[in-house]
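Please open the structure in your viewer and keep the selection panel at hand. The stops below say what to select next and what is there.

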Amino acid sequence: MKTVCPEIECDLLVIGTGMAGMAAALFAAQRGIDTVQVGMTGELNFASGLLDLLGMHPVAKAQIWSDPWEGIAQLIHDQPDHPYARIGVDTIRAAMETFIGFLNTAALPYRCHAHQNAQVITPVGTLKTTYARPESMAWIDRALANRPPCLLVDFPGLRGFSAHQIKAVLHERWPDLRTARLPFPGLTGELQTERMARRLETPVARAQLADAIRPQLGDARGVGLPAVLGIARTQLVFTELQQALDVPVFEIPTMLPAVTGLRLRECFERQLPQMGVRARYQQKILPTPSLAGDCFILKAGGELPEVQVRARAIVLASGRFFGQGLHADRHAIRETIFNLPVHQPADRSQWHRKELFHDEGHPIHQAGLCIDTQFRPVDAQGRCVYPNLFAAGSILAHQDWIRQKCGSGLAIASAYAAVQACQAVLGQTPQAATA
Ligand SMILES: Cc1cc2nc3c(=O)[nH]c(=O)nc-3n(C[C@H](O)[C@H](O)[C@H](O)COP(=O)(O)OP(=O)(O)OC[C@H]3O[C@@H](n4cnc5c(N)ncnc54)[C@H](O)[C@@H]3O)c2cc1C
């Protein structure tokens, strides 16, 4: 006997649970849009958790911007096809403010430095430019400016994080650094950041860590630790550790996958359902959806029982090759769910330049979906493919987020613009008008 697949109806289906999908679901929920979100958890775990807005433009000249807003204005001028040019500075600002505001109220506070780019220390001791960082990393601004004596702590068994190496790389810029390698409370052998972070959420482990650090403090006016200060209770762990040590503490990002990405993921997974989003975090939308009137009918399969989703509009935030929104075979790059037209080089031989580290990057990184002013994917002639299908995030064409250092900014701002455009379409239909 054929089993009938249950159906879920919604106004908006967000496909994807990366940064763009989470941001789209958030913005939709804030606007009161009836939203279902489907995607596999995972990609955010691999992200650094830092919110880059624009670090570099033009990439060929490796020009770094301390004022990302000035950089964006220049980028919009130079690359009118870039998604940022479609969104516009005011909407990008509104998107970032709304997103960061949400994190602040969700007990995962992020800090910007006077709306300018700031720096964080990487796990190898170099500096990385970013826009917004967890509050637990923010003291680094003052530390880099004033270079007070500080203690850097690492733990035996934590791979890819050496306080000694960080000190060696930063030595000229910040000579007054000391290091200490301390056993991690309650864990031995090879250490994983997630286990360490969860352990520090217990008061006993926090107290033990503070007790181990205190005798090493000497004249240190700050303590740098790998980013393992909790996942769901980072703010508590961070605050209590500072109080126990009586000096500022700052986190230094670890190698990926890092708990800083996991914190964001868990924060969204906790908050969005409370905001009314019907989330299916262990499911995948199967290819080849159909249409019934103005609605999309799609199947979601995966780890949960299969369901059919009937949606009046969709925000597609399924990512690139890593997220599986795009797939490249021997002949072409294709979009994996709707088989949408993908902007790409004429043939495979042009995907990559001969020089691996070419100044301008590789054309394949600019492949993706072209969109109209309403964030709807278009065909080669610029015609919108579906009036109620919108796209956001790294799946968009004409951007190279890794090299331009605009990954999260692009994901958040395009999600905001797509949801805004989608709301206008939903609002125009008779159903919504009478609702
Ligand atoms: C290793 C790494 C480091 C990063 N570091 C930074 C950084 O330092 N600063 C910064 O700003 N940004 C960084 N980012 C980028 C940022 O976090 C985002 O990943 C990026 O901007 C793209 O987000 P996205 O949501 O568009 O795509 P993805 O993150 O790729 O998410 C795509 C989502 O779509 C889902 N999906 C795909 N197909 C389907 C389907 N058929 N059905 C349902 N769901 C589907 C996937 O499961 C996934 O949830 C980093 C990312 C990675 C991977």
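Begin by selecting F99, F102 and F268, which together form one aromatic cluster; rings of Phe, Tyr and Trp (its six-membered ring) are paired here if their centres lie within 6.5 Å, and planes under 30 degrees apart count as stacked, over 60 as edge-to-face and the rest as tilted. Before going further, note that this is a predicted model, in which local features need pLDDT of at least 70 and side-chain atom pairs count only at pLDDT 80 or more, while totals for chains, interfaces and linings use all residues. Residues are numbered from 1 along each chain as its sequence is written, and side-chain values use heavy atoms, with hydrogens and water left out.

**Aromatic pairs**

A search of the whole structure finds 11 aromatic pairs. Select F155 and F184, whose rings form an edge-to-face pair at 5.0 Å centre to centre with 85° between the planes. F155 lies in the loop between strand 7 (150–154) and helix 7 (163–170), and F184 in the loop between strand 8 (177–181) and helix 8 (193–199), so the pair ties together parts that are 29 residues apart in sequence. Helices (H or I, at least four residues) and strands (E, at least two) are DSSP runs, numbered from the N terminus. F155 counts as buried at 1% relative accessibility, and F184 is buried as well, with a relative accessible area of 4%; buried means under 20% relative accessible area, exposed over 50%, and partly exposed in between (1.4 Å probe, protein chains only).

**Charges over rings**

Next, show R31 with Y416, where the charged end of R31 sits over the ring of Y416 at 5.3 Å from its centre. Then move to R93, which lies over the face of W69 at 4.2 Å from the ring centre. A charge sits over a ring, in the sense used here, if NZ of Lys or CZ of Arg is within 6 Å of the ring centre and within 35 degrees of the ring normal.

**The ligand**

Now select the ligand and the residues around it: which of the 33 come nearest? They are S48, I285, G323, S394 and S408, where a residue is near a molecule if one of its heavy atoms lies within 4 Å of it. By class, this shell has 16 nonpolar, 13 polar and 4 charged residues; Ala, Val, Leu, Ile, Met, Phe, Trp, Tyr, Cys and Pro count as nonpolar, Asp, Glu, Lys and Arg as charged, and the others, Gly among them, as polar.

For the polar contacts (pairs of N or O atoms within 3.5 Å), display T17, of which a polar side-chain atom lies 2.9 Å from an oxygen atom of the ligand. At L50, a polar backbone atom is 3.2 Å from a nitrogen atom of the ligand, and at G407 a backbone N or O atom lies 2.9 Å from an oxygen atom of the ligand. The protein covers 90% of the 990 Å² of accessible area that the ligand has on its own, with areas taken from the Shrake-Rupley method with a 1.4 Å probe. The elements that give two or more residues to the shell around the ligand are helix 1 (19–30), helix 2 (43–46), strand 12 (283–285) and helix 13 (407–428), and the largest share, 3 residues, comes from helix 13.

**Backbone details**

D246, with phi near 65°, lies in the loop between helix 10 (234–245) and strand 10. Is D246 buried or exposed? At 68% relative accessibility, D246 counts as exposed. F375, with a positive phi of about 65°, lies in the loop between strand 17 (333–335) and strand 18 (389–391) and counts as buried at 1% relative accessibility.

Definitions and conventions. A polar contact is a pair of N or O atoms within 3.5 Å; within protein, one must be able to donate a hydrogen and the other to accept it, and residues adjacent in sequence count only if both atoms are side-chain atoms.
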